[in-house]
Amino acid sequence: MRLFIDTGSVAEVQEIAAWGILAGATTNPSLLAKEDGDPGEIIRRICDLVGGPVSAEVVSSDPEGMIAEGRALRELHEHVTVKVPFCKEGLAAAHALTSEGISVNMTLVFSANQALLAAGAGVTYVSCFMGRLDDISVDSGQVVAEIVECFRAGGVTSQIIAASVRHPEHVIAAAQLGCEIATVPAKVLHQMLEHPLTTAGAERFRKDWESRPEFGDWLQSLVSKRVGATRG
Ligand code: G3P
């Protein structure tokens, strides 16, 4: 499963992209509205930082407006994927944009039926909002499992993005269920990173190594010799 970051913050993308784990990013109007600066510049910077698909969402409610906005967003950067909200107008716009070779991420999907309709429109990605399903006491894992099962059984090639990820368990569930992608907020990515046993283990290694200073000297000399050799 590939990891995208779900944010409109260039600073968050800069920090997490340095970990070498990101295959893309997703934005949406709410995430971008939190940021200062030009939205187009933000999207372009995020594209450059992740070097993979970055979703930028249309905001019109009619197909013609969605299509016009999608074409314009696509021209911001080669990595832009056009995000279209699920609705019948969005299906029409997604079909038109896809037929022009523009990658579409259909968002605000909450059921297997909606996902199948989105796939029928030919979208590249279908974003299922796990957190918001859980918010209304609907088992998000069950919905994602249904989407995965329907897509696999029918040979659907649209990729499933686990979105509205609220905690690391959503990421694990998405991977276990077979989602191609999870788009994860920076806060959750940090939560995935930390474990008390890792922290304690690293501290133990450091202290034990430091108890043998000659070992530290040995390793430093190994480094110096190699640096000297590569400099010629
Ligand atoms: O990718 C969609 C995500 O940004 C929505 O998250 O927490 O507002 O449901 P949330």
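The following exercises, each with a worked solution, concern the predicted model shown above.

Residues are numbered from 1 along each chain as its sequence is written, and side-chain values use heavy atoms, with hydrogens and water left out. In this predicted model, local features need pLDDT of at least 70 and side-chain atom pairs count only at pLDDT 80 or more, while totals for chains, interfaces and linings use all residues.

**Exercise 1. The chain as a whole**

State how many helices and strands the chain has, and what share of its residues is buried.

*Solution.* Step 1: helices (H or I, at least four residues) and strands (E, at least two) are DSSP runs, numbered from the N terminus. The chain has twelve helices and eight strands. Step 2: buried means under 20% relative accessible area, exposed over 50%, and partly exposed in between (1.4 Å probe, protein chains only). Of the 232 residues, 43% count as buried.

**Exercise 2. Helix α10**

Determine which residues of α10 are buried and how they are arranged around the axis.

*Solution.* Step 1: the buried residues in α10 are A186, V188 and L189. Step 2: these residues lie on the same side of α10, because they cover an arc of only 160° around the axis; the arc is that of the directions from the helix axis to the C-beta atoms. Step 3: the buried residues of α10 pack against β1 (2-6), α1 (10-17), β2 (22-26), α9 (168-177) and β8 (181-184).

**Exercise 3. Residue V123 and the core**

Identify the contacts of V123 and its place in the largest nonpolar core.

*Solution.* Step 1: a nonpolar core is a set of buried Ala, Val, Leu, Ile, Met, Phe, Trp, Tyr and Cys residues joined through side-chain atoms within 4.5 Å. Step 2: the largest nonpolar core has 59 residues, and V123 is one of those that touch the most other members, as are I5, I46, V84, M106, I147 and V184. Step 3: leaving aside neighbours within four places in sequence, V123 is in contact with A94, T98, V104, M106, A118 and S158.

Conventions
Contact = heavy atoms within 4.5 Å.
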